[in-house]
Every structure is written in C-alpha cells, then in structure tokens.
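Colleague: I am new to this structure. Please show me how to read its features.

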Amino acid sequence: MALKVAIVGLPNVGKSTLFNALTQTAAAQAANYPFCTIEPNTGDVAVPEPRLDALAAIIPSKEIIPARINFVDVAGLVRGASKGEGLGNQFLANIRDCDAVAFVARCFIDDDITHVEGKVDPIADLETIEIELMLADLESLEKRVVNLEKRAKAGDKESAQTLKLVNLALAELKEGRPARKAMVAAEDEKAWRMLQLLTSKPALYVANVDEASAAEGNEMSRLVAERAKRDGADSVVISAQIESEIAMLDAGERQEFLETLGLSEPGLNKLIREAYHLLGLQTYFTVGPKEARAWTIHKGDTAPQAAGVIHTDFEKGFIRAETIGYDDYVRLKGEAGARDAGKLRQEGKDYVVRDGDVMNFRFNV
C-alpha cells in the first residue's frame, strides 16, 4: 500500500531539515535560501511500532519488517503559486500525487534564517498556503464545468455525478473554505477522490519549534494547534533541527539525548503516527520464525481485504483467518498458548480486522 504524505510549506520553514531527519539521510539539501528543494525528494519511512518488536521476541523471528509510509519533500510555495509564481505549477502537481498533506509552519525566531515574507507568523504562513491551494482548485474546477454541463444534459450519468461534486466543491471554495469541509455522501467518495483536489486531502499541521520548545511547544505552536482544531486538521509539535541531530545518533546515544531534552521519544515518531492516523490506517501482524511483519490496512477493512494486502490470491481464495488479539498473543506467549486458552479465533469473510490483530490466513486458489 504505497501511501504518500506531502511535506508542504513556505521556503525556509524547515521542510527539508524535517525530511532529512525522517529518512535519516541528507537526500534533501537544506540551505538558507528559497527553492533549495526543486525536484521533490521521496523517502520511504518505517512506521514506529514497538508491538512488532515484542511479537518478534516471542517466536523469535529472524527478521522484523515494519509497515512503511512515503513522505515527499515538495518545493517551497510562495504567494502567487496558483498563478505560477516561484515553482508554483510544479509544487501543485507534486501535491496532487499525494494522499495527505503535512503543512509545516515555522514557530521559531532565528535572525540567521530569512523568512520569505519578512516576518515569522505561522498562522499567516498557513493561510498563504491554504489560499494558494484553494485558488488552484477553483481554477481547475471552473475549467471543467462547461464541458460537464454539456455531457450531463446529453444524459451522461457519470458526468452528472461529477458535476454535482464539482459544484459541491465550488460552493465551499467560493466561501473561502477548503474542499475537505464539504459533506460528501459515502457512495460519492470514490468519485470525489478522482477530482484530485488539493484542498480535499487530509491535513496535518506541523509546528516546527526551536530546541527549547521541543517538549512543551510555545505560544506560536499553540496558535497552530488552535488553527488545526478550527480547520478540522490534526497537529503535532516538532523541532526539525533536534530531529536531524537525533537521526545521526545510535540507539544508546539517542535515548540519552532525548532524556536531556525531556522527551520520551523522537518527535518524528509522533509525526509518522499522526500521518498514519490521518490516512485512516491501522496495522495487523503476521508472525513466524522467518519474519515478524506489520501490514497496513484501512480501518474498517474485512479479513479478505487484509489478506489481499499480502497477495491478491489470498483475497480471491480466502477461506478463514486464524486471529489472535495482540494483548492475548503477548500475555499467552504466542500462538500455542493462545490456542490452549481459547483465544485463537476462526474468523470468516465478514470479520472487520482490529488494530493489532495477529493473523494467519487460510486460502485456496
């Protein structure tokens, strides 16, 4: 399941520094000038999952394979991007290809790092980005209306459905609200996603703070959290600079460094988990002597759909799923103990998988 989260923001807010820390590489050049990132950098990142380590230790498993999520470091946006200013057209195209957007807002003062707007104001930064994305969506949708109306009048049912959704989005955008605010019926969700609207994508606001504010945040990050709540978005506080330093340390040094900062874990772990949650994802596990593995599925997926993530044949020929809850698996020391205690369940095609389920699929093709 190749899911992508775009890291978006004005120039010099810390996007590339954050991306470097996420991927633990220097793949994205971080420098103090606009448009440092021109081509989008993509990083495949492991989802932090301590439960996987606990499961692997019980067998024990030779290999541990975590779930993964893609982050895309997109070129910095400036005012007028919707009209092609800066690297606007490229910026917008790169976002369309992603499933969700992480908006990075600068929440620190540093006279050595210039700000493209001449002042540090995270709320103004977020508004600039949102406005440019809304303007781009407006232009894109308005271009489609005339042709859709002609086809709908000619009896094309698909065009009629699309036109209805286009008008729904336009109603929100013309009121100054992102398309994600629209109330979309369940049966229209697939067609809605096909519109590829920039402002319909789930949003995460990332408050990039200074080192001193990494643990508790600061006044600017609190404003970002309030704005996220108002906009129906999630938010997280992180110090990209600290995270880039942590990424260069080994496990022992990392923990010691975190303790000196009053942190229980890297902020990146919170960011990745929030992105995972934002996309409506959850995890189930398969465990054996060869490997312990975390698999990504959507919340609400049934057992056959979960099996299909491993291989399409598993879904086509699904018979049943032998299932143990994570807590039972750990408490009873594995499959044998769970079976003896009556905690190994035989689940059928209608079973909705729960986060943390340990599963073994029976199928016939």
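## Reading the model

Modeller: Buried means under 20% relative accessible area, exposed means over 50%, and partly exposed lies in between (1.4 Å probe, protein chains only). The model is predicted, so local features need pLDDT of at least 70 and side-chain atom pairs count only at pLDDT 80 or more, while totals for chains, interfaces and linings use all residues. Residues are numbered from 1 along each chain as its sequence is written, and side-chain values use heavy atoms, with hydrogens and water left out.

Colleague: With which residue does E322 form a salt bridge?

Modeller: First the rule: a salt bridge is a side-chain nitrogen of Lys or Arg within 4 Å of a carboxyl oxygen of Asp or Glu. E322 pairs in this way with R362, and their closest N and O atoms are 3.2 Å apart. The pair links distant parts of the chain, 40 residues apart: E322 is in strand β10 (residues 318–324) and R362 in strand β12 (residues 358–363). Helices (H or I, at least four residues) and strands (E, at least two) are DSSP runs, numbered from the N terminus. R362 is partly exposed, with a relative accessible area of 37%.

Colleague: How many salt bridges does the rule give?

Modeller: The count comes to 19. One of them joins the side chains of R96 and D137, at 3.9 Å from N to O. This pair also links distant parts of the chain, with R96 in helix α3 (residues 88–96) and D137 in helix α4 (residues 122–153), 41 residues apart. Check the cover on each partner. R96 is partly exposed at 23%, whereas D137 is buried at 0%.

Colleague: What is the distance between the closest N and O atoms of E172 and R177?

Modeller: In that salt bridge it is 2.7 Å. E172 has 13% relative accessibility and counts as buried. R177 has 35% and counts as partly exposed.

Colleague: Now charge on the surface. Which residues gather in a patch of negative charge?

Modeller: The idea comes first. Patches are made of residues with over 30% relative accessible area and no salt bridge; like charges are joined within 9 Å, and nonpolar side chains (Val, Leu, Ile, Met, Phe, Trp, Tyr) within 5 Å. Lys and Arg count as positive and Asp and Glu as negative, while His and the chain ends are not counted. The place of a charge is NZ of Lys, CZ of Arg, CG of Asp or CD of Glu. Accessible areas come from the Shrake-Rupley method with a 1.4 Å probe, and for residues only the protein chains shown count as cover. Here D250, E253, E256 and E259 make up the negative patch. Take E253: this residue sits in helix α9 (residues 251–260). E253 is partly exposed, at 42%.

Colleague: How many disulfides does the structure hold?

Modeller: A disulfide is a covalent bond between the sulfur atoms of two cysteines. The test is a pair of cysteine sulfur atoms within 2.5 Å. The structure holds zero. Look at two cysteines anyway. C98 is buried at 3%, and C107 is buried at 0%.

Colleague: What about the backbone? Which peptide bond is cis, with omega near -5°?

Modeller: Most residues other than glycine have a negative phi, and most peptide bonds are trans. The bond from I59 to P60 is cis. P60 lies in the loop between α2 (50–58) and β3 (63–65).

Colleague: Where is Q196, and where is K333?

Modeller: Q196 is in the loop between α6 (189–194) and β6 (203–209). Q196 is not a glycine, yet its phi is positive, about 55°. Q196 is partly exposed at 41%. K333 is in the loop between α13 (326–331) and α14 (335–340). K333 is not a glycine either, and its phi is positive, about 65°. K333 is exposed at 64%.

Colleague: Last, chain distance against space. What separates the C-alpha atoms of V5 and D97?

Modeller: They are separated by 9.2 Å, though 92 residues apart along the chain. V5 belongs to strand β1 (residues 4–8) and is buried, at 2%.
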